[in-house]
2 protein chains.
Amino acid sequence: MIVLCNDDGFRAVGIRTIYKELAKYFKVVIVAPEMEQSAMGHAITLTQPLKVRKIVEDNEFIGYAVNGTPADCIKLATTVLFDQPPELVVSGVNQGGNFGTCAIYSGTVSAASEATIEGIPAIAVSLNSFENFNFGFAAEFGAKMAKIVLKNGLPDGVALNINIPAVPYSEIKGVSITRQGKSRVIETFDKRVDPRNNDYYWYAGEIRIDEVDEAADCFQVSNKYISITPVHFDLTSYKAIDELKKWDITL
Amino acid sequence: MIVLCNDDGFRAVGIRTIYKELAKYFKVVIVAPEMEQSAMGHAITLTQPLKVRKIVEDNEFIGYAVNGTPADCIKLATTVLFDQPPELVVSGVNQGGNFGTCAIYSGTVSAASEATIEGIPAIAVSLNSFENFNFGFAAEFGAKMAKIVLKNGLPDGVALNINIPAVPYSEIKGVSITRQGKSRVIETFDKRVDPRNNDYYWYAGEIRIDEVDEAADCFQVSNKYISITPVHFDLTSYKAIDELKKWDITL
(Lines give C-alpha, C1' and ligand atoms only; values in the text may rest on other atoms or scores of the structure.)
Protein backbone atom coordinates (compact mmCIF):
# COMPACT_ATOMS: atom_id res chain seq x y z
CA MET A 1 0.00 0.00 0.00
CA ILE A 2 1.11 3.55 -0.84
CA VAL A 3 0.09 6.42 1.45
CA LEU A 4 -0.36 9.68 -0.41
CA CYS A 5 0.01 13.00 1.43
CA ASN A 6 0.55 16.68 0.53
CA ASP A 7 0.41 20.13 2.08
CA ASP A 8 -2.14 21.73 -0.24
CA GLY A 9 -4.93 19.69 1.39
CA PHE A 10 -6.82 16.54 0.34
CA ARG A 11 -9.03 18.39 -2.14
CA ALA A 12 -6.10 19.83 -4.16
CA VAL A 13 -5.88 19.08 -7.87
CA GLY A 14 -2.25 17.94 -7.60
CA ILE A 15 -2.92 15.12 -5.14
CA ARG A 16 -6.02 14.00 -7.01
CA THR A 17 -4.12 13.79 -10.31
CA ILE A 18 -1.33 11.63 -8.91
CA TYR A 19 -3.87 9.54 -6.96
CA LYS A 20 -5.47 8.48 -10.24
CA GLU A 21 -2.10 7.75 -11.78
CA LEU A 22 -0.81 5.68 -8.84
CA ALA A 23 -4.13 3.80 -8.55
CA LYS A 24 -3.50 2.31 -12.01
CA TYR A 25 -0.62 0.28 -10.54
CA PHE A 26 -0.92 0.22 -6.72
CA LYS A 27 -3.27 0.22 -3.77
CA VAL A 28 -3.22 3.89 -2.70
CA VAL A 29 -4.79 5.62 0.31
CA ILE A 30 -4.79 9.40 0.77
CA VAL A 31 -3.90 10.64 4.28
CA ALA A 32 -3.72 14.38 3.87
CA PRO A 33 -4.54 17.62 5.69
CA GLU A 34 -8.15 18.79 5.68
CA MET A 35 -7.00 22.37 5.03
CA GLU A 36 -4.05 23.90 3.19
CA GLN A 37 -0.86 23.59 5.25
CA SER A 38 1.63 25.31 2.96
CA ALA A 39 4.89 26.39 4.63
CA MET A 40 4.11 24.38 7.75
CA GLY A 41 7.57 22.81 7.59
CA HIS A 42 8.03 19.91 9.95
CA ALA A 43 5.39 21.12 12.43
CA ILE A 44 3.52 18.53 14.48
CA THR A 45 0.43 19.08 16.61
CA LEU A 46 0.94 18.55 20.35
CA THR A 47 -1.59 20.84 21.99
CA GLN A 48 -4.72 19.96 20.01
CA PRO A 49 -6.44 16.65 19.32
CA LEU A 50 -6.39 15.34 15.74
CA LYS A 51 -9.61 14.41 14.01
CA VAL A 52 -9.45 11.89 11.22
CA ARG A 53 -12.34 11.90 8.74
CA LYS A 54 -12.96 9.16 6.17
CA ILE A 55 -13.10 10.44 2.61
CA VAL A 56 -15.70 8.55 0.60
CA GLU A 57 -16.44 9.75 -2.93
CA ASP A 58 -18.79 8.08 -5.40
CA ASN A 59 -19.28 5.34 -2.76
CA GLU A 60 -15.57 4.61 -2.79
CA PHE A 61 -13.22 4.95 0.18
CA ILE A 62 -10.15 6.88 -0.94
CA GLY A 63 -8.51 7.93 2.33
CA TYR A 64 -8.52 10.14 5.40
CA ALA A 65 -8.57 13.92 5.92
CA VAL A 66 -6.78 15.09 9.08
CA ASN A 67 -7.16 18.46 10.85
CA GLY A 68 -3.37 18.67 11.24
CA THR A 69 -0.08 19.09 9.46
CA PRO A 70 1.52 16.87 6.80
CA ALA A 71 3.89 15.39 9.44
CA ASP A 72 0.85 14.61 11.66
CA CYS A 73 -0.73 12.75 8.73
CA ILE A 74 2.35 10.58 8.29
CA LYS A 75 2.66 9.85 12.01
CA LEU A 76 -0.98 8.69 12.06
CA ALA A 77 -0.56 6.70 8.84
CA THR A 78 2.48 4.82 10.13
CA THR A 79 1.11 4.07 13.61
CA VAL A 80 -2.64 3.86 14.17
CA LEU A 81 -4.60 4.11 10.93
CA PHE A 82 -3.59 0.84 9.27
CA ASP A 83 -2.78 -2.70 10.34
CA GLN A 84 0.38 -2.67 8.22
CA PRO A 85 2.65 0.35 7.70
CA PRO A 86 2.73 1.64 4.11
CA GLU A 87 5.44 0.37 1.74
CA LEU A 88 5.96 3.87 0.37
CA VAL A 89 4.87 7.44 1.07
CA VAL A 90 4.31 9.80 -1.86
CA SER A 91 3.85 13.51 -1.07
CA GLY A 92 2.39 15.87 -3.66
CA VAL A 93 2.05 16.81 -6.41
CA ASN A 94 2.65 20.18 -4.81
CA GLN A 95 1.55 23.37 -6.52
CA GLY A 96 4.82 25.34 -6.56
CA GLY A 97 8.47 24.33 -6.47
CA ASN A 98 10.16 23.15 -3.25
CA PHE A 99 13.84 23.68 -3.93
CA GLY A 100 16.69 25.78 -2.61
CA THR A 101 16.31 27.13 0.89
CA CYS A 102 12.50 26.93 0.53
CA ALA A 103 12.64 23.15 0.96
CA ILE A 104 13.00 23.65 4.71
CA TYR A 105 9.60 25.40 4.95
CA SER A 106 7.82 22.82 2.83
CA GLY A 107 5.12 20.64 4.33
CA THR A 108 5.31 18.47 1.20
CA VAL A 109 9.00 17.69 1.75
CA SER A 110 8.46 17.28 5.51
CA ALA A 111 5.80 14.60 4.94
CA ALA A 112 8.42 12.62 3.00
CA SER A 113 11.20 13.12 5.55
CA GLU A 114 8.79 12.27 8.39
CA ALA A 115 8.18 8.94 6.63
CA THR A 116 11.92 8.23 6.63
CA ILE A 117 12.03 8.94 10.40
CA GLU A 118 9.44 6.16 10.69
CA GLY A 119 11.55 3.92 8.44
CA ILE A 120 9.33 4.16 5.34
CA PRO A 121 10.80 5.12 1.93
CA ALA A 122 9.30 8.31 0.54
CA ILE A 123 9.28 10.76 -2.35
CA ALA A 124 8.03 14.36 -2.56
CA VAL A 125 6.91 15.67 -5.95
CA SER A 126 6.42 19.36 -6.74
CA LEU A 127 5.50 21.21 -9.92
CA ASN A 128 7.33 24.52 -10.24
CA SER A 129 4.35 26.73 -10.92
CA PHE A 130 1.79 28.55 -8.84
CA GLU A 131 -0.31 29.51 -11.83
CA ASN A 132 0.01 27.34 -14.92
CA PHE A 133 -0.53 23.98 -13.31
CA ASN A 134 -0.93 21.03 -15.59
CA PHE A 135 -0.20 18.19 -13.20
CA GLY A 136 -0.49 15.42 -15.81
CA PHE A 137 3.17 14.81 -16.58
CA ALA A 138 4.30 15.50 -12.97
CA ALA A 139 1.84 12.80 -11.81
CA GLU A 140 3.13 10.34 -14.42
CA PHE A 141 6.75 11.02 -13.50
CA GLY A 142 5.90 10.70 -9.78
CA ALA A 143 4.29 7.30 -10.41
CA LYS A 144 7.35 6.21 -12.38
CA MET A 145 9.63 7.22 -9.50
CA ALA A 146 7.35 5.37 -7.06
CA LYS A 147 7.91 2.20 -9.10
CA ILE A 148 11.69 2.75 -9.20
CA VAL A 149 11.91 3.37 -5.44
CA LEU A 150 9.77 0.33 -4.63
CA LYS A 151 12.17 -1.72 -6.77
CA ASN A 152 15.54 -0.19 -5.70
CA GLY A 153 14.78 0.88 -2.14
CA LEU A 154 16.41 4.02 -0.78
CA PRO A 155 19.45 4.54 1.47
CA ASP A 156 18.46 4.47 5.16
CA GLY A 157 16.93 7.77 6.30
CA VAL A 158 16.86 9.30 2.80
CA ALA A 159 13.82 10.60 0.90
CA LEU A 160 13.74 12.05 -2.63
CA ASN A 161 12.73 15.66 -3.21
CA ILE A 162 11.63 15.83 -6.85
CA ASN A 163 10.92 19.13 -8.62
CA ILE A 164 9.42 19.30 -12.09
CA PRO A 165 9.64 22.34 -14.36
CA ALA A 166 6.24 23.70 -15.42
CA VAL A 167 6.88 23.53 -19.16
CA PRO A 168 5.35 21.28 -21.83
CA TYR A 169 6.73 17.72 -21.79
CA SER A 170 8.53 18.27 -25.11
CA GLU A 171 10.61 21.07 -23.56
CA ILE A 172 11.86 19.10 -20.52
CA LYS A 173 15.53 18.39 -21.15
CA GLY A 174 16.21 15.52 -18.75
CA VAL A 175 16.60 14.40 -15.15
CA SER A 176 19.38 15.64 -12.82
CA ILE A 177 20.48 14.32 -9.44
CA THR A 178 21.07 17.48 -7.43
CA ARG A 179 21.80 19.04 -4.05
CA GLN A 180 19.61 21.59 -2.26
CA GLY A 181 20.54 24.96 -3.75
CA LYS A 182 20.86 28.35 -2.09
CA SER A 183 18.09 30.26 -3.83
CA ARG A 184 15.74 31.77 -1.31
CA VAL A 185 12.72 33.98 -0.86
CA ILE A 186 13.49 37.63 -0.31
CA GLU A 187 10.88 38.58 2.25
CA THR A 188 8.80 41.66 2.41
CA PHE A 189 5.94 42.34 4.79
CA ASP A 190 2.92 44.41 3.81
CA LYS A 191 2.18 46.66 6.77
CA ARG A 192 -1.55 47.36 7.08
CA VAL A 193 -3.99 48.75 9.64
CA ASP A 194 -7.00 46.74 10.85
CA PRO A 195 -10.52 48.19 11.38
CA ARG A 196 -9.69 48.71 15.08
CA ASN A 197 -6.59 50.70 14.16
CA ASN A 198 -4.01 48.03 15.04
CA ASP A 199 -1.02 47.48 12.78
CA TYR A 200 -0.62 44.10 11.20
CA TYR A 201 1.81 42.52 8.76
CA TRP A 202 1.17 40.18 5.88
CA TYR A 203 4.00 38.02 4.62
CA ALA A 204 4.96 38.55 1.01
CA GLY A 205 8.12 37.87 -0.87
CA GLU A 206 9.57 36.71 -4.10
CA ILE A 207 11.89 33.81 -4.82
CA ARG A 208 15.29 34.83 -6.11
CA ILE A 209 17.15 32.17 -8.07
CA ASP A 210 20.68 33.46 -8.36
CA GLU A 211 22.28 30.04 -8.09
CA VAL A 212 25.06 29.43 -10.61
CA ASP A 213 26.13 25.97 -9.41
CA GLU A 214 25.00 23.31 -11.87
CA ALA A 215 24.74 20.78 -9.03
CA ALA A 216 21.92 22.78 -7.36
CA ASP A 217 18.25 21.84 -7.70
CA CYS A 218 17.11 25.42 -8.40
CA PHE A 219 19.67 25.82 -11.21
CA GLN A 220 18.52 22.61 -12.90
CA VAL A 221 14.79 23.30 -12.59
CA SER A 222 15.13 26.81 -13.98
CA ASN A 223 17.04 25.24 -16.89
CA LYS A 224 14.11 22.89 -17.59
CA TYR A 225 15.56 19.74 -16.00
CA ILE A 226 13.72 17.65 -13.42
CA SER A 227 15.75 17.80 -10.18
CA ILE A 228 15.98 14.91 -7.73
CA THR A 229 17.64 15.82 -4.43
CA PRO A 230 18.17 13.14 -1.78
CA VAL A 231 17.17 14.68 1.57
CA HIS A 232 17.50 13.57 5.18
CA PHE A 233 16.58 15.01 8.57
CA ASP A 234 20.12 15.46 9.88
CA LEU A 235 20.68 19.19 10.38
CA THR A 236 24.33 18.80 11.46
CA SER A 237 26.86 20.96 9.63
CA TYR A 238 29.72 18.42 9.70
CA LYS A 239 32.09 20.95 8.15
CA ALA A 240 31.69 23.24 11.15
CA ILE A 241 32.49 20.58 13.78
CA ASP A 242 36.29 20.81 13.38
CA GLU A 243 36.17 24.60 13.49
CA LEU A 244 34.16 24.57 16.74
CA LYS A 245 36.49 22.03 18.36
CA LYS A 246 39.24 24.69 18.18
CA TRP A 247 37.19 27.10 20.30
CA ASP A 248 37.95 27.47 23.97
CA ILE A 249 34.60 26.72 25.60
CA THR A 250 34.57 26.00 29.33
CA LEU A 251 31.78 25.57 31.84
CA MET B 1 21.45 44.42 19.62
CA ILE B 2 20.51 40.81 20.39
CA VAL B 3 17.06 39.53 19.42
CA LEU B 4 15.75 36.89 21.79
CA CYS B 5 13.17 34.35 20.60
CA ASN B 6 11.82 30.96 21.72
CA ASP B 7 8.94 28.56 21.05
CA ASP B 8 7.47 28.39 24.55
CA GLY B 9 6.05 31.91 24.17
CA PHE B 10 7.18 35.33 25.44
CA ARG B 11 5.87 34.71 28.96
CA ALA B 12 7.91 31.52 29.51
CA VAL B 13 10.28 31.37 32.46
CA GLY B 14 13.18 30.19 30.26
CA ILE B 15 13.19 33.25 27.99
CA ARG B 16 12.75 35.61 30.93
CA THR B 17 15.70 34.09 32.80
CA ILE B 18 18.10 34.43 29.87
CA TYR B 19 16.72 37.91 29.09
CA LYS B 20 17.88 39.13 32.51
CA GLU B 21 21.26 37.47 32.07
CA LEU B 22 21.88 38.87 28.56
CA ALA B 23 20.66 42.34 29.61
CA LYS B 24 23.63 42.56 32.00
CA TYR B 25 25.97 42.75 29.01
CA PHE B 26 23.98 43.64 25.88
CA LYS B 27 21.02 45.50 24.48
CA VAL B 28 18.38 42.75 24.16
CA VAL B 29 14.90 42.82 22.63
CA ILE B 30 12.46 39.89 22.88
CA VAL B 31 10.62 39.00 19.64
CA ALA B 32 8.74 35.85 20.53
CA PRO B 33 5.44 34.06 19.94
CA GLU B 34 2.41 35.24 21.88
CA MET B 35 1.38 31.61 22.50
CA GLU B 36 3.30 28.37 22.90
CA GLN B 37 4.58 27.11 19.54
CA SER B 38 6.30 23.90 20.58
CA ALA B 39 7.00 21.43 17.76
CA MET B 40 6.13 24.03 15.12
CA GLY B 41 9.37 23.19 13.30
CA HIS B 42 10.23 25.64 10.57
CA ALA B 43 6.61 26.65 9.92
CA ILE B 44 5.90 30.15 8.63
CA THR B 45 2.54 31.89 8.38
CA LEU B 46 1.38 32.65 4.84
CA THR B 47 -2.41 32.58 5.05
CA GLN B 48 -2.97 34.78 8.13
CA PRO B 49 -1.83 38.30 9.00
CA LEU B 50 0.69 38.69 11.81
CA LYS B 51 -0.03 41.01 14.71
CA VAL B 52 2.89 42.45 16.59
CA ARG B 53 2.20 43.69 20.12
CA LYS B 54 4.66 45.77 22.16
CA ILE B 55 5.55 44.23 25.50
CA VAL B 56 5.92 46.90 28.17
CA GLU B 57 6.44 45.77 31.76
CA ASP B 58 7.10 48.06 34.75
CA ASN B 59 7.10 50.95 32.24
CA GLU B 60 9.96 49.36 30.34
CA PHE B 61 9.84 48.23 26.70
CA ILE B 62 11.26 44.71 26.52
CA GLY B 63 10.13 43.50 23.12
CA TYR B 64 7.34 42.28 20.84
CA ALA B 65 4.87 39.40 21.05
CA VAL B 66 3.82 37.98 17.68
CA ASN B 67 0.76 35.81 16.91
CA GLY B 68 2.90 33.52 14.78
CA THR B 69 5.67 30.95 14.78
CA PRO B 70 9.30 31.31 15.91
CA ALA B 71 10.42 31.56 12.24
CA ASP B 72 7.83 34.34 11.68
CA CYS B 73 9.30 36.24 14.64
CA ILE B 74 12.79 36.09 13.16
CA LYS B 75 11.61 37.12 9.69
CA LEU B 76 9.88 40.17 11.22
CA ALA B 77 12.88 40.96 13.45
CA THR B 78 15.32 40.90 10.54
CA THR B 79 13.19 42.89 8.09
CA VAL B 80 10.60 45.35 9.40
CA LEU B 81 10.74 45.73 13.18
CA PHE B 82 14.11 47.46 13.56
CA ASP B 83 16.20 49.97 11.62
CA GLN B 84 19.25 47.74 11.92
CA PRO B 85 19.24 43.93 11.78
CA PRO B 86 20.29 42.26 15.05
CA GLU B 87 23.93 41.26 15.54
CA LEU B 88 22.90 37.94 17.07
CA VAL B 89 19.76 35.88 17.60
CA VAL B 90 19.44 33.82 20.79
CA SER B 91 16.58 31.29 20.97
CA GLY B 92 15.53 29.80 24.30
CA VAL B 93 16.06 28.80 26.98
CA ASN B 94 13.72 26.02 25.89
CA GLN B 95 11.98 23.86 28.45
CA GLY B 96 12.96 20.37 27.21
CA GLY B 97 15.90 19.05 25.20
CA ASN B 98 16.13 19.56 21.43
CA PHE B 99 18.56 16.89 20.31
CA GLY B 100 18.54 13.78 18.16
CA THR B 101 15.79 13.53 15.57
CA CYS B 102 13.62 15.85 17.70
CA ALA B 103 15.70 18.85 16.60
CA ILE B 104 13.81 18.88 13.29
CA TYR B 105 10.47 19.53 15.04
CA SER B 106 11.85 22.26 17.27
CA GLY B 107 10.64 25.82 16.93
CA THR B 108 13.55 26.88 19.15
CA VAL B 109 16.14 25.44 16.76
CA SER B 110 14.21 26.73 13.73
CA ALA B 111 14.32 30.31 15.04
CA ALA B 112 18.12 30.01 15.10
CA SER B 113 18.41 28.44 11.65
CA GLU B 114 15.96 31.01 10.24
CA ALA B 115 18.35 33.70 11.48
CA THR B 116 21.21 32.08 9.54
CA ILE B 117 19.05 32.10 6.38
CA GLU B 118 18.83 35.87 6.92
CA GLY B 119 22.60 36.04 7.44
CA ILE B 120 22.51 36.61 11.22
CA PRO B 121 24.56 34.39 13.59
CA ALA B 122 22.40 32.51 16.06
CA ILE B 123 22.35 30.07 18.96
CA ALA B 124 19.53 27.90 20.37
CA VAL B 125 19.68 26.94 24.04
CA SER B 126 17.59 24.14 25.57
CA LEU B 127 17.46 22.67 29.07
CA ASN B 128 16.86 18.93 29.02
CA SER B 129 13.96 18.80 31.42
CA PHE B 130 10.22 19.20 31.18
CA GLU B 131 9.74 19.17 34.93
CA ASN B 132 12.69 20.16 37.05
CA PHE B 133 13.53 23.42 35.37
CA ASN B 134 16.09 25.59 37.03
CA PHE B 135 17.08 27.83 34.14
CA GLY B 136 19.78 29.75 36.04
CA PHE B 137 22.89 27.96 34.80
CA ALA B 138 21.47 27.40 31.29
CA ALA B 139 20.88 31.16 31.03
CA GLU B 140 24.42 31.91 32.24
CA PHE B 141 25.94 29.43 29.80
CA GLY B 142 23.77 30.82 26.97
CA ALA B 143 25.02 34.34 27.72
CA LYS B 144 28.61 33.07 27.74
CA MET B 145 28.09 31.43 24.33
CA ALA B 146 26.52 34.67 23.03
CA LYS B 147 29.72 36.50 23.97
CA ILE B 148 31.91 33.84 22.32
CA VAL B 149 29.87 33.87 19.09
CA LEU B 150 29.87 37.68 18.92
CA LYS B 151 33.67 37.53 19.24
CA ASN B 152 34.46 34.54 16.96
CA GLY B 153 31.60 34.73 14.45
CA LEU B 154 30.16 31.53 13.01
CA PRO B 155 30.76 29.74 9.71
CA ASP B 156 28.37 31.00 7.02
CA GLY B 157 24.89 29.48 7.34
CA VAL B 158 25.65 27.70 10.62
CA ALA B 159 23.84 28.10 13.96
CA LEU B 160 24.65 26.40 17.27
CA ASN B 161 22.16 24.02 18.87
CA ILE B 162 23.10 23.89 22.55
CA ASN B 163 21.57 21.38 24.98
CA ILE B 164 22.16 21.54 28.71
CA PRO B 165 21.64 18.61 31.08
CA ALA B 166 19.14 19.34 33.86
CA VAL B 167 21.46 18.45 36.73
CA PRO B 168 23.07 20.67 39.37
CA TYR B 169 26.03 22.68 38.06
CA SER B 170 28.49 20.63 40.13
CA GLU B 171 27.46 17.45 38.27
CA ILE B 172 27.94 18.82 34.73
CA LYS B 173 31.05 17.12 33.36
CA GLY B 174 32.03 19.42 30.50
CA VAL B 175 31.19 20.70 27.03
CA SER B 176 31.16 18.51 23.88
CA ILE B 177 31.00 19.50 20.22
CA THR B 178 28.56 16.98 18.73
CA ARG B 179 26.51 15.90 15.75
CA GLN B 180 22.71 15.47 15.74
CA GLY B 181 22.07 11.98 17.12
CA LYS B 182 19.51 9.42 16.11
CA SER B 183 17.43 9.19 19.28
CA ARG B 184 13.80 9.79 18.53
CA VAL B 185 10.33 9.89 19.98
CA ILE B 186 8.43 6.64 19.75
CA GLU B 187 4.95 7.86 19.00
CA THR B 188 1.73 6.65 20.40
CA PHE B 189 -1.68 8.19 19.86
CA ASP B 190 -4.40 8.13 22.52
CA LYS B 191 -7.61 7.27 20.71
CA ARG B 192 -10.61 8.94 22.38
CA VAL B 193 -14.25 9.68 21.59
CA ASP B 194 -15.62 13.23 21.67
CA PRO B 195 -19.03 14.22 23.19
CA ARG B 196 -20.59 13.96 19.71
CA ASN B 197 -19.26 10.43 19.33
CA ASN B 198 -16.47 11.19 16.87
CA ASP B 199 -13.10 9.50 17.25
CA TYR B 200 -10.11 11.70 17.84
CA TYR B 201 -6.42 11.13 18.48
CA TRP B 202 -4.08 12.86 20.87
CA TYR B 203 -0.37 12.71 20.20
CA ALA B 204 1.71 11.13 22.93
CA GLY B 205 5.08 9.51 22.89
CA GLU B 206 8.26 9.03 24.76
CA ILE B 207 11.80 9.84 23.73
CA ARG B 208 14.03 6.81 23.37
CA ILE B 209 17.74 7.49 23.69
CA ASP B 210 19.45 4.36 22.44
CA GLU B 211 22.36 6.20 20.86
CA VAL B 212 25.74 4.62 21.56
CA ASP B 213 27.87 6.96 19.42
CA GLU B 214 29.87 9.30 21.64
CA ALA B 215 29.81 11.96 18.90
CA ALA B 216 26.02 12.29 19.19
CA ASP B 217 24.32 15.12 21.09
CA CYS B 218 21.84 12.82 22.85
CA PHE B 219 24.62 10.53 24.09
CA GLN B 220 26.56 13.45 25.56
CA VAL B 221 23.58 15.13 27.22
CA SER B 222 22.42 11.90 28.84
CA ASN B 223 26.00 11.54 30.15
CA LYS B 224 25.79 15.01 31.77
CA TYR B 225 27.82 16.92 29.17
CA ILE B 226 26.58 20.09 27.48
CA SER B 227 26.25 19.36 23.75
CA ILE B 228 26.89 21.93 21.04
CA THR B 229 25.84 20.80 17.56
CA PRO B 230 26.48 23.10 14.58
CA VAL B 231 23.31 23.04 12.45
CA HIS B 232 22.43 24.35 9.01
CA PHE B 233 19.35 24.32 6.77
CA ASP B 234 20.76 22.13 4.02
CA LEU B 235 18.70 18.92 3.96
CA THR B 236 20.79 17.28 1.20
CA SER B 237 22.06 13.78 1.91
CA TYR B 238 25.37 14.13 0.04
CA LYS B 239 26.21 10.48 0.63
CA ALA B 240 23.14 9.40 -1.34
CA ILE B 241 23.94 11.48 -4.45
CA ASP B 242 26.47 9.03 -5.90
CA GLU B 243 24.14 6.08 -5.30
CA LEU B 244 21.27 7.84 -7.10
CA LYS B 245 23.48 8.78 -10.05
CA LYS B 246 23.82 5.05 -10.78
CA TRP B 247 20.05 4.67 -11.18
CA ASP B 248 18.56 4.57 -14.65
CA ILE B 249 16.00 7.39 -14.54
CA THR B 250 14.61 8.61 -17.86
CA LEU B 251 11.82 11.01 -18.72
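## Contacts between the chains

Two residues are in contact if their C-beta atoms, placed from the backbone, lie within 7 Å. In this predicted model, 65 residues of chain A are in contact with 65 residues of chain B. Several elements of chain A give two or more residues to the side that touches chain B. The helices are H2 (70-79), H4 (136-152) and H6 (238-245). The strands are S3 (50-57), S8 (174-177), S9 (184-193), S10 (199-208) and S11 (225-231). H6(A) gives the most, with seven residues.

What is the make-up of the side of chain A that touches chain B, in nonpolar, polar and charged residues? Its residues divide into 37 nonpolar, 16 polar and twelve charged.

Strands also pair across the two chains. S3(A) is joined to strand S10 (residues 199-208) of chain B by two bridges. These two strands run antiparallel. Leu50(A) has Tyr201(B) as its bridge partner in S10(B).

## Symmetry

Two copies of a chain are related by a rotation about an axis and a shift along it.

## Chain A as a whole

Chain A has six helices and eleven strands. Its C-alpha trace spans about 60 × 55 × 45 Å along the principal axes. A compact globule of 251 residues would have a radius of gyration near 18 Å; the 19 Å of chain A agrees with this.

Of the 251 residues of chain A, 55% count as buried.

## The nonpolar core

In soluble globular proteins, nonpolar side chains tend to be buried together. The largest nonpolar core holds 159 residues. Which of them touch the most other members? They are Leu4(A) and Val31(A).

The contacts of Val31(A), leaving aside its neighbours within four places in sequence, fall in separate parts of the chain numbering. Val3(A) and Cys5(A) are among them.

## A covered helix

Helix H3 (residues 107-117) of chain A is mostly covered, with eleven of its eleven residues buried. The buried residues include the polar Thr108(A), Ser110(A), Ser113(A) and Thr116(A). The charged Glu114(A) is buried as well. Val109(A), Ala111(A), Ala112(A), Ala115(A) and Ile117(A) are among the nonpolar ones. Just after H3(A), Gly119(A) takes a positive phi of about 85 degrees.

## An enclosed strand in chain B

Strand S7 (residues 159-165) of chain B is largely enclosed by the rest of the structure, because seven of its seven residues are buried. In a regular strand the side chains alternate between the two faces of the sheet. Both faces of S7(B) are covered. Ala159(B), Asn161(B), Asn163(B) and Pro165(B) are buried on one side. Leu160(B), Ile162(B) and Ile164(B) are buried on the other.

S7(B) pairs with two strands of chain B. Six bridges join it to strand S6 (residues 122-128) of chain B, and the two run parallel. Here Ile123(B) stands opposite Leu160(B). Five bridges join S7(B) to strand S11 (residues 225-231) of chain B, and these run antiparallel. In that pairing, Ala159(B) stands opposite Val231(B).

Definitions and conventions: Residues numbered from 1 in each chain as written. Chains lettered and ligands numbered in written order. Predicted model: local features only at pLDDT ≥ 70, side-chain atom pairs only at ≥ 80, totals over all residues. Helix = DSSP H or I, 4+ residues; strand = E, 2+ residues; numbered from the N terminus. Pairing = 2+ DSSP bridges. Buried ≥ 20, exposed ≤ 12 C-beta atoms within 10 Å, placed from the backbone. Rg over C-alpha atoms; globule rule 2.2 N^0.38 Å. Core = buried A, V, L, I, M, F, W, Y, C linked by C-beta atoms within 7 Å.
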